[in-house]
Amino acid sequence: MARLTLRLVALAYLAILLLVPVGVVFYRTFEHGVGAVWDAITTPAAISAFWLTLEVAIIAVPLNAVFGVLAALALVRGRFRGKRLFDALLDLPFAVSPIVVGLALLLVWGVDGWFGGLGFQVIFSVPGIVLATIFVSLPFVAREVAPVLREIGDEQEQAAATLGANGWQTFRRVTLPAIRWGLIYGVVLATARAIGEFGAVSVVSGKISGETETLTLLVEKRFQNFDLAGAYAASALLAFIALATLVAMTVLNKRREDTT
Amino acid sequence: MSAAAPATPPPARVGAAGGALRRRAKAPRGTLALGVSTLWLSLIVLLPLAAVVVRSLDDGLGAFWDHVTTRQAISSLEFTVLVSLVVAALNAAFGTLVAWVLVRDEFRGKGFVNALIDLPFALPTIVAGLTLLALYGPSSPIGINVAFTKVAVAMALLFVTLPFVIRSVQPVLIELDREMEEAAASLGASSFTVFRRIIFPNLVPAILSGAALAFSRAVGEFGSIILLSGNIPFDTQVSSVYAFKQIESDNIGGAAAVSVVLLLVALVVLLAIRGLERWRA
């Protein structure tokens with residue numbers, strides 16, 4: 001009986017907070033038919049926002065994947081002073097407000113910023129959006145890869161080195177295959193975050209329709225312009241990406257459990 | 001990897017040559033990885049954050065203090081910390097409950113519910129805000145309208161921080177030894193007493209670190225709040241939105257000062273979580 005009550009309370013909490021709101025958005029989105037939604041997400045502004053969002057993620061995520069693997073290697077395999085500090089600083093992007101991120105980039109790369117006089121535009125332009133996205137999605141890969149590295153130990157890497165493999169060969173043939181599921185999981189999380197970032201991007205993008213407007217910015221603009229149907233349609237597109245991410249996470253978690 | 005790969009330390013076999021060889025094999029990659037990743041972290045994260053701190057102190061400590069203590073800034077900071085504390089506490093309670101149900105209960109669709117928990121991590125924050133507004137806003141199909149109130153801000157924060165406590169408590173609960181509970185139950189303890197005296201003490205560190213993560217996320221949250229809060233000064237305005245408005249109206253000094261306060265809160269919470277984790281280990 002008590003068990004049933006707890007279950008009901010837990011499920012009701014999740015329903016009120018998560019499931020029903022998301023259901024209502026999907027209902028509202030499609031209540032006027034799929035055609036209207038299709039029209040709303042194929043306007044020139046929407047298509048341009050979609051490609052920009054994709055472009056930014058395609059630049060930011062691979063860079064962070066490389067950084068993440070290197071950072072994880074340094075954290076787990078390296079021995080150096082200040083390791084604890086490095087470890088703590090790595091989590092900063094998780095804790096810093098997106099608005100602070102945007103302001104920080106503004107102060108470094110803006111016209112009056114530290115690097116403002118370098119002769120190319122960063123703020124109110126695509127490079128600024130890319131920098132903001134790299135910032136907020138920075139720790140994901142490192143945080144997923146580091147525990148895997150710790151778990152597998154460096155036995156096999158040492159064996160490879162003893163047999164004459166150089167550093168790169170050891171990494172490519174031994175380490176990389178062992179961390180691949182953690183790496184892919186981290187990439188999925190980073191991609192979801194990159195596509196969904198709003199606050200930091202909204203400070204640095206300038207929100208120029210067709211040029212520096214990402215999907216999340218488009219949602220906000222349409223909402224502010226009382227184009228609710230349009231905002232719902234763009235949201236539904238983002239929600240589909242989120243659901244795909246969830247499915248990928250679930251599948252990858254199974255894979256990881258099977259391989260370890 | 002098969003199950004036959006235990007993580008036991010290797011037998012002693014480290015001669016002088018072995019040690020040298022290992023060092024040679026490891027040294028170059030170690031430093032390269034460290035160098036590149038430190039450079040990347042500094043350029044992308046640390047340098048910009050340093051710029052915020054420097055800018056906030058540009059006009060001296062007095063100006064910094066004036067910016068932080070304007071009535072509107074103070075009111076937004078107070079509300080932000082207060083609502084984040086409430087949200088962290090609610091998360092601690094409901095997160096533990098949901099984690100318990102997901103680990104100890106069996107029902108159809110549990111796998112689906114478990115996958116659903118991560119939705120707030122995957123869903124863009126602006127969509128989360130719009131989503132809550134669709135159900136609990138002016139055009140609510142069930143007639144509940146909390147838009148532009150403090151309740152709406154709390155709901156948005158509860159939404160985006162939902163997974164933290166659950167995902168932190170779940171693994172501890174799975175690992176927990178059932179024998180002690182069975183012993184207590186066989187000695188006549190009620191299931192509530194078993195929870196209070198046996199299970200709960202084991203969960204405290206995990207609950208606290210999950211709640212701390214939720215708190216730090218709530219303090220900085222922006223995207224899910226912007227549509228829901230109505231941004232009413234002295235009422236529903238949180239600090240991140242306040243800072244955003246200051247940037248828009250070109251009061252960079254004011255924005256930087258409040259940002260530094262938010263940064264400090266984030267830093268303190270990060271360190272607290274580190275301390276908690278060391279306590280757990």
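In helix 2 of chain B (residues 60-68), the buried residues are B:Ala63, B:Phe64 and B:Val68, where buried means under 20% relative accessible area, exposed over 50% and partly exposed in between, with a 1.4 Å probe and protein chains only. Seen down the helix axis, these buried residues fall within an arc of 135°, so they line one face of helix 2 of chain B; the arc is that of the directions from the helix axis to the C-beta atoms. The face turned away from this buried side carries the exposed residues B:Trp65 and B:Asp66. An α-helix has 3.6 residues a turn, so residues three or four places apart point the same way.

This is a predicted model, in which local features need pLDDT of at least 70 and side-chain atom pairs count only at pLDDT 80 or more, while totals for chains, interfaces and linings use all residues. Residues are numbered from 1 along each chain as its sequence is written, chains are lettered from A and ligands numbered from 1 in the order in which they are written, and side-chain values use heavy atoms, with hydrogens and water left out.

**Chain B as a whole**

- Chain B has 12 helices and zero strands, helices being DSSP runs of H or I with at least four residues and strands runs of E with at least two, numbered from the N terminus.
- Of the 281 residues in chain B, 52% are buried.
- Among contacts in chain B between residues at least 6 apart in sequence, 73% join residues at least 24 apart, a contact being heavy atoms within 4.5 Å.

**The nonpolar core**

- The largest nonpolar core has 180 residues, and those with the most contacts inside it are A:Leu103, A:Leu138 and B:Leu49; such a core is a set of buried Ala, Val, Leu, Ile, Met, Phe, Trp, Tyr and Cys residues joined through side-chain atoms within 4.5 Å.
- Helix 3 of chain A (residues 44-77) gives the most to this core, with 17 residues.
- Leaving aside neighbours within four places in sequence, B:Leu49 is in contact with residues including A:Leu92, A:Val96, A:Phe135 and B:Leu263.

- B:Val160 lies in helix 7 of chain B (residues 150-175) and counts as buried at 1% relative accessibility.
- B:Val160 and B:Thr125 are 35 residues apart in sequence, and their C-alpha atoms are 7.3 Å apart in space.
- B:Gln246 lies in helix 11 of chain B (residues 239-248) and is buried, with a relative accessible area of 12%.

**Salt bridges**

- A search of the whole structure finds 20 salt bridges over all chains, each being a side-chain nitrogen of Lys or Arg within 4 Å of a carboxyl oxygen of Asp or Glu.
- A:Arg7 forms a salt bridge with B:Asp105, with the closest N and O atoms 2.7 Å apart; A:Arg7 lies in helix 1 of chain A and B:Asp105 in the loop between helix 3 (71-104) and helix 4 (110-116) of chain B, so the pair joins two chains.
- A:Arg77 and A:Glu157 meet in a salt bridge through their side chains (3.0 Å, N to O), and this pair links helix 3 and helix 9 (residues 155-162) of chain A, 80 residues apart.
- Both A:Arg77 and A:Glu157 are buried.
- B:Asp235 forms a salt bridge with B:Lys150, with the closest N and O atoms 3.7 Å apart; B:Asp235 is partly exposed at 28% relative accessible area, and B:Lys150 is partly exposed at 40%.
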